[in-house]
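Trainee: Could you walk me through the packing in this one?
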Amino acid sequence: MCKSRFKQVFSYSEGMENYLSNIFRQYTGASREHLIPILMKIQEERGFIDEEAVAVTGEYLGISTARIYSLATFYDEFRFRRRGSNHFVVCCGATCWMRGSEMITRMIEDETGVLPGGVSTDSQWSLDLTGCRGACQKGPVVLYNGEPVLFEDGDDPVAGIRKFIKGIKNE
Ligand code: FES
């Protein structure tokens, strides 16, 4: 049923049809309440949510793309660009900022050539900033490919992350 509805309404790239059809099929009724679960599923499978997926999902659910972006950007977790193979997220909440996350962000920019929200041209590196993750006592919070980078008490987090990046480069 999903698929025939697509064919009536949409024209999009080859492969996207089956891909989205399979996701939409899991949510019966094309209800607006399915928006967030559908976006989560798309991101889970593709690593990000591209413009075409947003447009098709919006048409399918009867929600404008502007509304989707407005809702989805409320959640830090959604990503609308492809990630690099080495993806850093730095917390810029107040506590982490005071504990050095600004310096860490600048160091990552210097080491990778990527600005927050960006991806390197070779798709090796990407960097995002996030709000408080609720782990302020462990700050500055830095995630690498979704996992926290851990520091020992007394460690210099900037030096620690620099060493971490150099290790990746030398692999
Ligand atoms: S400010 Fe970074 S986890 Fe709370």
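Predicted model: local features only at pLDDT ≥ 70, side-chain atom pairs only at ≥ 80, totals over all residues.

Trainee: Okay, which residues of helix 2 are buried?
Mentor: In helix 2, which covers residues 16-24, the buried ones are Leu20, Ile23 and Phe24. They lie on the same side of helix 2, because the arc they cover around the axis is only 95°.

Trainee: And why would residues a few places apart point the same way?
Mentor: An α-helix has 3.6 residues a turn, so residues three or four places apart point the same way.

Trainee: How do helix 2 and helix 4 cross?
Mentor: Their axes come within 11 Å and cross at roughly 50°, helix 4 being residues 51-61, and the two helices are therefore oblique to each other. The crossing of helix 2 past helix 4 is right-handed.

Trainee: Which residues make that contact?
Mentor: Helix 2 contributes Met16, Leu20 and Phe24, while helix 4 contributes Glu52, Ala53, Val56 and Tyr60.

Trainee: Switching topic, which residues of the largest nonpolar core touch the most other members?
Mentor: That core has 14 residues, and those touching the most other members are Phe88, Val90, Ile104, Ile108, Leu127 and Val142. Two or more residues each come from strand 1 (86-91), helix 6 (94-112) and strand 2 (125-130), with strand 1 giving the most, at four residues.

Trainee: What does Val142 touch?
Mentor: Leaving aside residues up to four places away in sequence, Val142 touches Phe88, Val90, Ile104, Val149 and Ile161.

Trainee: And where do Leu20 and Tyr60 belong?
Mentor: They belong to a second, separate core of ten residues, which also includes Ile23 and Ile42.

Notes:
Residues numbered from 1 in each chain as written. Buried ≥ 20, exposed ≤ 12 C-beta atoms within 10 Å, placed from the backbone. Arc of directions from axis to C-beta. Core = buried A, V, L, I, M, F, W, Y, C linked by C-beta atoms within 7 Å. Contact = placed C-beta atoms within 7 Å. Axes fitted to C-alpha atoms, helices over the stretch in contact; angles between N-to-C directions. Parallel < 35°, antiparallel > 145°, perpendicular 65-115°, else oblique. Left-handed = near helix turned anticlockwise from the far one by under 90°.
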